[in-house]
Amino acid sequence: QVPETGGRDFLQSRAAGIAFALATLAFLLGIARPSPLRRWLAFGAASVREHRRLVVGTMVAGWAIVGIGLWSGAQLPDACEEAVLTILGATLDQVGANQALASGDVARTALVIFYQNFMVVTVTALFGSALLLGVPAYLLAGASFLAQATAFGVLGLGGFPEILLIGVLFVLEFTAYFLVVAGGGMLVATLVRGGLSQFGLAYRKLTATLPWAALLLIVGAWYEAAILLL
């Protein structure tokens, strides 16, 4: 019988947690002083202002989907809770979250959370699909976040102050996701307005959503690790 191992073992070490803490510090220093990262963030902010109606519309639609999911999940019978917990537990094992939580290491837990939320969800799924002329990101995000919100609705968000803590986490993480999805919309809008001559600019606008998403998800990862372990 093959021994079971934790998910993503390359993240499951004290050294990895320390490296993530140092990377977080370097990221914040890159924001605090003139740097390529700061210029990248500034270009992203300018792109959002240029397409503010599209971005706001994407955010409103995204939060509406989350709200519908939470509501519809709350309407399901209590028997569904066991199924959701089983799937959630298996998923947390697969991504290494349970192993990181068991270690009691805040930095290591934050790293595992950030890796899943940024590298897997944001970069691979949302940004990757947005590269295909934007529209697939909207379809993927709509279906995925509706399913996730429905699961949260089944489990419930708890009472005060739990619902407040979870609300802050939702704002950080879903805003990051919706921003990258909106980047796909900005890509399409730029091509529609300027034609193929604006191809490079359109993709730079999409790419410029990544540092903002990273910032929100770094904060979200440390915040989530802290409320789970401290």
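This is a predicted model: local features need pLDDT of at least 70, side-chain atom pairs count only at pLDDT 80 or more; totals for chains, interfaces and linings use all residues.

User: Which helix does T190 lie in, and which residues does T190 touch?

Analyst: Helices here are DSSP runs of H or I with at least four residues, strands are runs of E with at least two, and both are numbered from the N terminus. T190 sits in helix α8. A contact means heavy atoms within 4.5 Å. Leaving out residues up to four places away in sequence, T190 touches H51, G195, Q198, L201, A202 and K205.

User: Which residues are buried in helix α9, and what covers them?

Analyst: In α9, which spans residues 199-207, the buried ones are A202, Y203, K205 and L206. Looking down the axis of α9, these buried residues fall within an arc of 150 degrees, so they line one face of the helix; the arc is that of the directions from the helix axis to the C-beta atoms. Their cover includes α2 (36-50), α6 (106-130), α8 (162-194) and α10 (209-229).

User: How many helices and strands are there in the protein?

Analyst: From the N terminus on, the elements run α-α-α-α-α-α-α-α-α-α. That gives 10 helices and zero strands.

User: Is L133 buried or partly exposed?

Analyst: L133 is found in the loop between α6 and α7 (135-155). Its phi is near 60 degrees, a positive value in a residue other than glycine. Most residues other than glycine have a negative phi. As for cover, L133 has 45% relative accessibility, so it counts as partly exposed.

User: What is the radius of gyration of the protein?

Analyst: Here's a handy rule for a globule: 2.2 Å times the number of residues to the power 0.38, with the radius taken over C-alpha atoms. With 230 residues, a compact globule would come out near 17 Å, and the protein agrees with that, at 19 Å.

User: What share of the residues in the protein is buried?

Analyst: The count runs over the 230 residues in the protein. Buried residues make up 39%.

Definitions and conventions
Residues are numbered from 1 along each chain as its sequence is written. Side-chain values use heavy atoms; hydrogens and water are left out. Buried means under 20% relative accessible area, exposed over 50%, partly exposed in between (1.4 Å probe, protein chains only).
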